[in-house]
Amino acid sequence: MQEPLLGAEGPAYDTFPEPESRTRIRTLQNLRVYLATLAAVLGNFSFGYAMVYTSPVIPALEQASGPDLHLTKSQASWFGSVFTLGAAAGGLSAMLLSDLLGRKVSIMFSAVPSVAGYALLAGAHGFWMLLLGRILTGFAGGLTAACIPVYVSEISPPGVRGTLGATPQLMAVFGSLSLYALGLRLPWRWLAVAGEVPVFIMVLLLSFMPNSPRYLLSRGRDAEARRALAWLRGAHADIRWEFEQIQNHVQSQNSRMSWAEIRDPHVARPIAIALLMRFLQQLTGITPILVYLQSIFASTAVVLPPKDDAAIVGAVRLFSVLIAVLAMDLAGRKVLLFVSASIMFAANLTLGLYVQLGPKPPTPNDTLSLESLPLGGAGQPLASPANYLTLVPLLAAMSFIMGYAMGWGPITWLLMSEILPLRARGVASGLCVLASWLTAFALTQSFLPAVNAFGLQTPFFFFTAICLVNLVFTGCCVPETRGRSLEQIEAFFRTGRGSFLR
């Protein structure tokens, strides 16, 4: 018997004891699941691309000669942070659209604000067009961030759900890396034009993919759900047992969830865990660090040009998510979360101490309004190209991104889609994304003012403390869901032992 969610065996957990022969679905039979997942997660590629769009663009606009597009300190802060406000609105809309239109159609609908936003950015002739473009691309990102993990989780067999559940984060990282790479070659307007390409490919591929069988059954479209499951599992797969289990589970929850039921601990517990994970994920500082990555490097003593450092960190992030994809269904979710939080703790502490005690840049740098920051005392040594200490910001940033990308990045999205109850999955996932991006907006908007007021080291010390909280939260509250069907996980919360939140 596999280990249950909290590491103690119990009969209440094995609600649907699946035959061993049916749990080991052959890889070839999952090819269509992989194809449907690829089509969906192109939305995450666009999301990752759009989120870090400001990294090379803000420095270029701060040096713009025209008054209409020249960014001040305040405008640069808003241009970097307003994306998260749009993402929060997208998460709010997902609370309605995910259950009204379905997961697949909602993902396709995100192409409308995404294309419009990129068009505004590409043709911007004023600051308001830049802000509106960021809001629209953020809205599309928030909508896909809520719908894609749920869609992927609902179409995946338990044996590969962890691996496929990490692909949204993998594609978001690949999108960010693509932006960093293209930013070395393309002007900022053409970066926006290039961002529209994956959006059109996503819509084209999803047009040929089925909707989630669980969503179709919840809408009474049983025949269509059977066809969708048969297509996903392959022509020679026996889907009768799996279809009956999903159908029985959906029929037992065929009514809309009331507020009284949401307050029930068996429902409130997984929602609270998902919400807190999304909140703590953002408090590690990932969004402001990614948005202002090039500027952080420009404000510290580094060996390479900031653009090159940002691209290297993007490559490390991609490599780290690949590790998570391979290890998710082998090591389990909780082990990776522990390792992830520990690495982020060490990296944030190192960055904070380096800024506080390390060498200053050789000359003032006004790349992103951080030129006036006192990085340390008057007695600090000036950095020189041969000073090995100038490797510290790059190595620490690489370590932070590696830690985040192999645990708290992909697993929070995966667990959100796994532990939320079916009847509340659309609304609750949207609520999680809303809370996540409101937190990201607050952090990103306050990052530059906090740096100007207290120094660049202060945010990193705050992020360090949050990583300690993440370690405690993982040990006390986070369930291990590896190898379990969505129905088994939900049954555990309904009949499981004790409270996760005690």
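Colleague: How many aromatic pairs does the structure hold?

Modeller: This is a predicted model, where local features need pLDDT of at least 70, side-chain atom pairs count only at pLDDT 80 or more, and totals for chains, interfaces and linings use all residues. Residues are numbered from 1 along each chain as its sequence is written, and side-chain values use heavy atoms, with hydrogens and water left out. Rings of Phe, Tyr and Trp (its six-membered ring) pair if their centres lie within 6.5 Å; planes under 30 degrees apart are stacked, over 60 edge-to-face, the rest tilted. The number of aromatic pairs is seven.

Colleague: Which helices does the pair of F47 and W437 link?

Modeller: F47 and W437 are 5.4 Å apart centre to centre, with 85 degrees between the planes, so the pair is edge-to-face. The two residues are 390 apart in the chain. Helices are DSSP runs (H or I, at least four residues), numbered from the N terminus. F47 lies in helix 2 (residues 31-51) and W437 in helix 23 (residues 425-454).

Colleague: Is W437 buried or exposed?

Modeller: Buried means under 20% relative accessible area, exposed over 50%, and partly exposed in between (1.4 Å probe, protein chains only). W437 has 2% relative accessibility, so W437 counts as buried.

Colleague: Which residue lies over the face of F243?

Modeller: A charge sits over a ring if NZ of Lys or CZ of Arg is within 6 Å of the ring centre and within 35 degrees of the ring normal. At 4.2 Å from the ring centre of F243, the residue is R226.
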